[in-house]
Structures are given as structure tokens and as C-alpha cells.
There are 2 protein chains.
Amino acid sequence: MLADDEVARGREDFSGDMAAYHAAFDVIAADPNNTLYVWDHEGTAMGCMQLTFIPGMSYHGSWIAKVEGVRVDRSLRGLGIGEQMIDAIVAKSRARGCKQLQLTTNKRRVDAQRFYKRLGFEASHEGMKLDL
Amino acid sequence: MLADDEVARGREDFSGDMAAYHAAFDVIAADPNNTLYVWDHEGTAMGCMQLTFIPGMSYHGSWIAKVEGVRVDRSLRGLGIGEQMIDAIVAKSRARGCKQLQLTTNKRRVDAQRFYKRLGFEASHEGMKLDL
């Protein structure tokens, strides 16, 4: 699902050596502030996302949550799976005491922005990136 | 500096019990993926920012860096301190092996967006937030 994506196309390479991806998975799995979720139905992966908890000084010293890499299998879009996934992330972030859930989405993802606004997200910020 | 800010005004409260801020500081200080930096000149705090390292699956399983709460003392703006601070963050992020440096900045911070664009950041994403 990470490779089958309009914006990320060409960015990832799953055809050859997967060692870097496996190593990254292990790092995330070992980190208590990072979790990769797979949305599963009877053994079939339908969606995935990464949730990060970040301690901060703002908002009276609150934790915030950040969700990244939200993907739903292309053949299963429009069924409400994405909304269920975000609802689950909201619940997990609240349970952890986070005061805000953040995400950035490429400006080309117009459907995604409409989707997140419908769920109550406010597009209040510019998401700026510098490749290193 | 976090309280003396146009956008955050009213959000923080440093007048009373500081226990929540002190606790948050201790959590950040103990976290190897989070660092609060104070830009100091001969014992005077001139600026501050928080840097977070996040492991990820994208970009061939790369770490990314996120900088938040970038503030320069109001009386010291326009002297190039912010640029020195971001240069330092870029160097630290590269040294850690991060492939990208991200930030979100409130759309009302027009000067900040101009500043980051001048340093090479691309405003490619919508930064969306949901209060919990």
C-alpha cells in the first residue's frame, strides 16, 4: 500500500533488497512512542498507518500525536475504512493523554484533505519539508 | 518565548503552577528522540526549539526529523539567529541520518513561511490538526 500510491510512486523500491524496510520496521516496533498499525479483516490487510507520540512544552506541557502514512487498499476505498482507522487513532491518542492529533498531507491529495476536514481536522498550518 | 507569541497567546499559562511544564521538560530530557535546544549567547537565552527524530517506513525506511516551537526572542529578531538555529538543526538531523526535516507553521505566520522558504523548505503539505 505504501508503494501503490499516487504521490509516493517511484519513491519506494520493494523490488529488490528489503533489508532497509525490515530494519526500519524493527526500530519502530521497539519504540514505545511509535506504532505501525495494520487494519485487518479476517487476515487481509486493508489499511495501514503509523502513530507517533511526541512529548512537548506547548499546551501546558502536553503530549501530541502524529499520524503518518495513512493508506487504504485501493480496492477497498469508499467503504468507510479510513474513517474507522482514524477513529481508532483518535481513541488511542486520547487514551495516551494527547491533547492534539496532527498530520500533514500532500497538497495534491485533495480527496484526503476533504476526508480529514469532514472528521474535524482543521487545515490551520503549512506543512513544510526540506530534503536532507 | 513560548508565551510571548502572537499565535500561542492565551494558550499557555506561566503565571501559576509550573509543575506541568517542569514534568514535560523532564520527559523530553529523558527521551533520546526528543531534544529541547536553547540558543544561548553568553548566558542569555536568545531562542529555543524542539527537535524530534521519528523512525519511518517511507523513503526506504528512513528516519525523519521534525522541528517544533521555533522561537527567537522578540528583541533579537532580524539578526539571523533563526537561520543559525535552523542550520544547526539541519546539521544535527543529517548527522542522525534523517532524510527529511519537517515542520508545520500556522498559516497566520506569513513571515515564518517566507523565512523557511528562503532556507529551502517547500510548502508541499497541508498541516492539519484535531484538538482532542
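On a 1 Å grid over the protein atoms alone, a cavity is a set of points where a 1.4 Å probe fits but cannot get out, and its lining residues have an atom within 4 Å of a point. A volume is the space filled by probe spheres set on the points, which are joined across faces, edges and corners. The model is predicted: local features need pLDDT of at least 70, side-chain atom pairs count only at pLDDT 80 or more, and totals for chains, interfaces and linings use all residues. Residues are numbered from 1 along each chain as its sequence is written, chains are lettered from A in the order in which they are written, and side-chain values use heavy atoms, without hydrogens and water.

**Exercise 1.** Determine how many cavities of 30 Å³ or more the structure holds, and describe the lining of the largest cavity.

*Solution.* 
1. The structure holds one cavity of 30 Å³ or more.
2. The volume of the largest cavity is about 50 Å³.
3. Its lining includes D31(A), N33(A), T52(A) and F53(A), as well as D31(B), N33(B), T52(B) and F53(B).
4. Two or more lining residues come from β2 (44–55) of chain A and from β2 (44–55) of chain B; strands are DSSP runs of E with at least two residues, and helices are runs of H or I with at least four, numbered from the N terminus.
5. By class, the lining has four nonpolar, six polar and two charged residues. Ala, Val, Leu, Ile, Met, Phe, Trp, Tyr, Cys and Pro count as nonpolar, Asp, Glu, Lys and Arg as charged, and the others, Gly among them, as polar.

**Exercise 2.** Describe how α3 and α4 of chain B pack.

*Solution.* 
1. Helix α3 (residues 81–95) of chain B packs against α4 (residues 110–118) of chain B at about 55 degrees, the axes being 11 Å apart.
2. This angle makes α3(B) oblique to α4(B), since angles under 35 degrees count as roughly parallel, over 145 as roughly antiparallel, 65 to 115 as roughly perpendicular and the rest as oblique.
3. G82(B), E83(B) and I86(B) of α3(B) are in contact with F115(B), Y116(B) and R118(B) of α4(B) (heavy atoms within 4.5 Å).

Key:
Axes are lines fitted to C-alpha atoms, for helices over the stretch in contact, and angles run from 0 to 180 degrees between N-to-C directions. On a 1 Å grid over the protein atoms alone, a cavity is a set of points where a 1.4 Å probe fits but cannot get out, and a pocket is an open set with protein on both sides within 12 Å along at least five of seven lines; lining residues have an atom within 4 Å of a point.
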